[in-house]
Amino acid sequence: MKRPSRRSFIQKITAGALGTVISSDLLRAEKSENIFEGMKRNKIFMPNDQIQLALIGAGGMGFADANTAITTPGVKLVAACDLYDGRLVAAKNKYGKDIFTTRDYRELLLRKDIDAVIVATPDHWHKDISVAAMNAGKAVYCEKPMTHDVSEGSAVVEAQNRNKVVFQVGSQGLSSLGNEKARELLAAGAIGQLNYAEGFWARNSPEGAWQYSIPADASEKTVDWKMFLNQYPDRPFDAKRFFRWRCYKDYGTGVSGDLFVHLFSSLHFITNSRGPQKIMAMGGLRYWKDGREVPDLLMGMFDYAETPEHPAFNLSLRVNFIDGTADSTYLRLVGSEGSMNVEWDKVTLIRNKAYAANDDPLMATKLNKNKDDSPRKLILPPDTTVYTAEEGYKGAHYDHFTNFFTAIRNKSSVVEDAVFGYRAAAPALLCNDSYYADKAVKWDPINLKVVK
Ligand SMILES: NC(=O)c1ccc[n+]([C@@H]2O[C@H](COP(=O)([O-])OP(=O)(O)OC[C@H]3O[C@@H](n4cnc5c(N)ncnc54)[C@H](O)[C@@H]3O)[C@@H](O)[C@H]2O)c1
């Protein structure tokens, strides 16, 4: 991606439509770099083209993933794995009595009738199951964050490269129309030179703060507790740890691994960045003192060095689970001439109205003078342009699964592969390291290494 130039963006606007607002059609008409090559919609698939899919981790997101996956043409869910029996019953009820179910993902990976798996377990199982699935020749859609600890990333990258299978991480936002448009606008110079970005997640409810309901029949009989623990310390069955795993360091990755990671994925996609070189986080456990081990308010600061793809810039992220404004998410990129608020189905571009006359060739030639020789007032372009997805847009999640299945069929690549996923997860996971060690952490995003 070439660095944007202010002149090129203004020329595109003015060359396209004199006297009209900056229309979304103008930029839509440009031939954008087609990084979604091969993405085809509404194709009819023959039965032997069908991709047979299995779900590993049939909880909240697992069901959401499977539900979206089977709405893409030519995909069938044939198996489900979970450690809690209630979820296996729910999977049969939803996807058919004939689907294969098991508590042990290894049984599922042995099956030849499965082409691809969704890994939607808690974070502490992502690496092990993804690597085993790739070694078994399956394509993998692994939920974010790609790993539980920064040190685990290279094992996933290595398994992807060695097995030459499609591996995609589940930060679905980057496949959205909104992220694509933001990437296009930034490259076209719409906000001038990027110098700052910010993002946040605001929540204010028990569910939002991970206090999920615990089924009445939860016990060691209905749950495979020993399997759940993976390599982490043995302890007596604890339903809270099992169903509210995000609150505990052994299984979850805190608010940064859960939520910052989405913003990194989108930001890195939009800017073509590989990631920050310095990470620092602070925050605290302010309100949800329910035995959890992780903060409910966290702020991260990130330093991105200049690269051929983008100028140096800073990023600030925060998650607040006791935020009175509640239920909002935000990603904003700020440049020398404007800013963009980026949503999955909408981009709001705010541009500085103060043009220099020679920036705009059309205006420059129309600089009429008044009789008293004072410059005539200009007609200025609007300062805010909102790009919204067309009605009927199926959304980021659908687009992300379409990209995944298209890559499997075409034996092509995906944007959010293991290397991309590692680069998005690492700064989020390193926020935890910075927070607990109370110091800044240095990261080498090119060579994927913590700098000691
Ligand atoms: N992309 C998104 O927008 C998004 C949204 C929510 C969650 N997620 C991610 O999805 C994953 C799951 O989150 P969730 O909210 O669905 O959690 P959840 O607790 O609702 O579901 C996790 C399920 O995994 C099962 N499980 C645990 N260990 C297992 C194992 N070894 N084998 C098979 N099943 C196992 C549990 O029994 C549970 O049913 C997390 O990594 C989370 O970060 C992504």
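**A chat about the model**

Modeller: P145 is found in the loop between strand 5 and helix 7; helices (H or I, at least four residues) and strands (E, at least two) are DSSP runs, numbered from the N terminus. Keep in mind that this is a predicted model, where local features need pLDDT of at least 70, side-chain atom pairs count only at pLDDT 80 or more, and totals for chains, interfaces and linings use all residues. Residues are numbered from 1 along each chain as its sequence is written.

Biologist: Thanks! Is the peptide bond from K144 to P145 cis or trans?

Modeller: That bond is cis, and its omega is near -15°.

Biologist: And strand 5 itself, which of its residues are buried on each side?

Modeller: A139 and Y141 are buried on one side, V140 and C142 on the other, so both faces are covered. Buried here stands for 20 or more other C-beta atoms within 10 Å of the residue's own, exposed for 12 or fewer, and partly exposed for in between, with C-beta atoms placed from the backbone. As background, side chains in a regular strand alternate between the two faces of the sheet.

Biologist: Do strand 4 and strand 5 run parallel or antiparallel?

Modeller: They run parallel, joined by four bridges; two strands pair if DSSP finds at least two bridges between them. One of the residues involved is V117, whose bridge partner in strand 5 is V140.

Biologist: Switching to helix 6, how many of its residues are buried?

Modeller: Seven of the ten, in a helix that covers residues 126-135. They are H126, K127, I129, S130, V131, A133 and M134.

Biologist: What do those buried residues pack against?

Modeller: Their partners include strand 1 (51-56), helix 5 (105-109), strand 5 (139-142) and helix 7 (153-163). Contact is when the C-beta atoms of two residues, placed from the backbone, lie within 7 Å. Just after helix 6 comes G137, with a positive phi of about 85°.

Biologist: Which residues besides glycine have a positive phi?

Modeller: K411 is one of them, at about 50°, in the loop between helix 13 (396-410) and helix 14. L448 is another, at about 55°, in the loop between strand 15 (441-444) and strand 16 (449-451).

Biologist: Why does K411 count as exposed, and why does L448 count as partly exposed?

Modeller: K411 counts as exposed because it has 10 C-beta neighbours inside 10 Å. L448 has 17, so it counts as partly exposed.

Biologist: Last one, what's the overall tally of helices and strands?

Modeller: There are 14 helices and 16 strands, and 45% of the 452 residues count as buried.
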